[in-house]
Amino acid sequence: MQVPLLDLKAQYAGLATEIQTAIAGVCASQAFILGPAVKALEAAVASYSQCRRGVGVSSGTDALLLALMALGIGPGDAVITSPFTFFATAGTIARTGARPLFCDIEPDTFNLSPRAVEAFLAERCERRGSDLIERATGARVRALMPVHLYGQLADMRSLMASAQRHGLKVLEDAAQAIGAEDAARKRAGSFGDIGCLSFFPTKNLGAFGDAGMCVANDAALAEHMEILRVHGGKPKYYHQFIGGNFRIDELQAAVLNVKLPHLDAWSAARQRNAAFYDAAFERAGTAANVATPRTVPGARHIYNQYVIRAQRRDELRAHLAAAGVGTEIYYPVPLHLQKCFAYLGHKEGDFPESERAARETLALPIYPELTEAQLEYVVAAIRDFYRR
Ligand SMILES: *Cc1c(COP(=O)(O)O)cnc(C)c1O
C-alpha cells in the first residue's frame, strides 16, 4: 500500500469541472488584477475568520511581511516569536530590518509559551519612556507574533493579556490554522491586530500556486495594507509610503472561491482522521514510543498536520518510507540555530523545548481523502517498527 503525505489529486477530481469553469471565467474577462474574484474571496475569508476585512496577497510569507510593514515595524524594532515554526515567520521579521526575539514553546502544543514570553518581558526588557526596550540589544520590542502551529491556536488569551500589559501589537501567523478556534469559538486571525493566512497548496485551503491573505478588524489598518500592497501608491503613482507588489492573483482567487465552501468538510475529515489515528495508536499500544498530538480541550484543531513525537524518529521515518508511507519533519532545525540567524548570537540549549521538538516530531499523512485502511496501515507500520 502507498500512503503519500499529501495527495491533492483526489480533492481536485471532485471539483475539476467547477474550478475549470471559474478559471475560464477569468480568462474570458481578462481581468487578472484585483478583480471581482479577489473582492469576493476577501469578503468570504474575512467573514470565515471572524474579521471585518481581508486583504488578499501573493503568499502567506507576503501576508506576514505586509502586516509587519503596515504596523510600521522596521530597523531598531524587535518582534517576539517562536523558534519552532516555518522559516517565513522570523524571516519576514528580519527582512523589515527588525530583530526576531525568540521565546520557547509549550511541549504539548508546540506553540509559543505565554510563560516564556512573560518571563522574557519581565526579566530582559524595561520601559524607557513610551518604549519597551530589550536590554541586551537596545531594540524596541514592538510586537508579538504567535504561530498557530499545525492548525491549533496558540494560547491567545494569555498572549493577548501579555501584549496588552506591555503595549505590544499582535500579529498572528495563522498560515496553518484557517478556521481553528479556541474553546470560546473565536477563530484564528481574529485575536490580534492582523491575522496572516497562507493558501499554499499544502494548507487546508490551498490555491493552485502561491496566495495568502491578511485579515483584520481595523478598517484603517486594512486600508493601509491595501495601499502597501500596490507599492504604497494612493492615488496611483503618488507614493506616501514604500510598499511592494503583494497582490493575490485573480486566477488563484477564482480557484479559492470554489474551494472555500468545502473547507469545513475537509477540516472535519482531517479531524476524523486524527481521531482515528489517536484510537488506533491506543489499540496498538505504542504509547512508550509514540506520543500522539494533544488537542486543547474544547478547541477546534484543524489538523493541517498530525504530528507525533517518536523515539528514534529518523529510523522510524526511513522504515515508513520503505513501507510506502510519506512523512515530513516540520521542522528539523529550530530558527535560532539557522545559519542566517547566527548574528542573533544563539547557541544550542537556548530553547530546549524547540530543539527537542525538532529532534522528535514527525508529521504523518492526514489529508481528508485518506481511507481508514490507509490510516490503519500507517499505525501498523509504526507498531511493527517498535516491535522489531
Ligand atoms: C506556510 C507557512 C507560511 C508561509 O506561507 P507561504 O504561503 O508558503 O508563503 C508562514 N508561516 C507558517 C507557519 C507556514 O506554515
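How far from a nitrogen atom of the ligand does a polar side-chain atom of Asp-173 lie? The distance for Asp-173 is 2.8 Å. Before going further, please keep in mind that this is a predicted model, in which local features need pLDDT of at least 70 and side-chain atom pairs count only at pLDDT 80 or more, while totals for chains, interfaces and linings use all residues. Residues are numbered from 1 along each chain as its sequence is written, and side-chain values use heavy atoms, with hydrogens and water left out.

**Around the ligand**

The table lists polar contacts, meaning pairs of N or O atoms within 3.5 Å.

| Residue (polar side-chain atom) | Ligand atom | Distance |
|---|---|---|
| Thr-61 | oxygen | 2.5 Å |
| Asp-173 | nitrogen | 2.8 Å |
| Ser-198 | oxygen | 2.6 Å |

The protein buries 93% of the 380 Å² that the ligand exposes when taken alone; these accessible areas come from the Shrake-Rupley method with a 1.4 Å probe. Two elements, α3 (60-70) and α4 (87-95), each give two or more residues to the shell around the ligand. Here helices are DSSP runs of H or I with at least four residues, strands are runs of E with at least two, and both are numbered from the N terminus. The largest share of the shell, three residues, belongs to α3.

The ligand has 16 residues around it, and those that come nearest are Gly-60, Thr-61, Gln-176, Ser-198 and Lys-203; a residue counts as near if one of its heavy atoms lies within 4 Å. By type, the shell holds seven nonpolar, seven polar and two charged residues, with Gly counted among the polar ones.

**A hairpin**

Strands β4 (residues 125-128) and β5 (residues 131-134) run antiparallel and are joined by four bridges; pairing requires that DSSP find at least two bridges. Glu-126 faces Ile-133 in β5. Two residues separate the strands of this hairpin, and Gly-129 in the turn has a positive phi of about 60°.

**An open sheet and its helices**

Three strands in the order β10-β11-β12 make an open sheet with antiparallel pairing. Its edge strands, β10 (290-291) and β12 (361-364), each pair on one side only. Two bridges link β10 to β11 (residues 306-310), and Val-290 stands opposite Ala-310 in β11.

Helix α10 (residues 313-322) packs on this sheet and touches β11 and β12, where contact means heavy atoms within 4.5 Å. Its direction makes about 25° with that of β12; axes are lines fitted to C-alpha atoms, for helices over the stretch in contact, and angles run from 0 to 180 degrees between N-to-C directions. Helix α11 (residues 352-360) also packs on the sheet, touching β11 and β12, with its direction at about 95° to that of β11.

Definitions and conventions: Polar contact = N/O pair within 3.5 Å; in protein donor to acceptor, adjacent residues only side chain to side chain.
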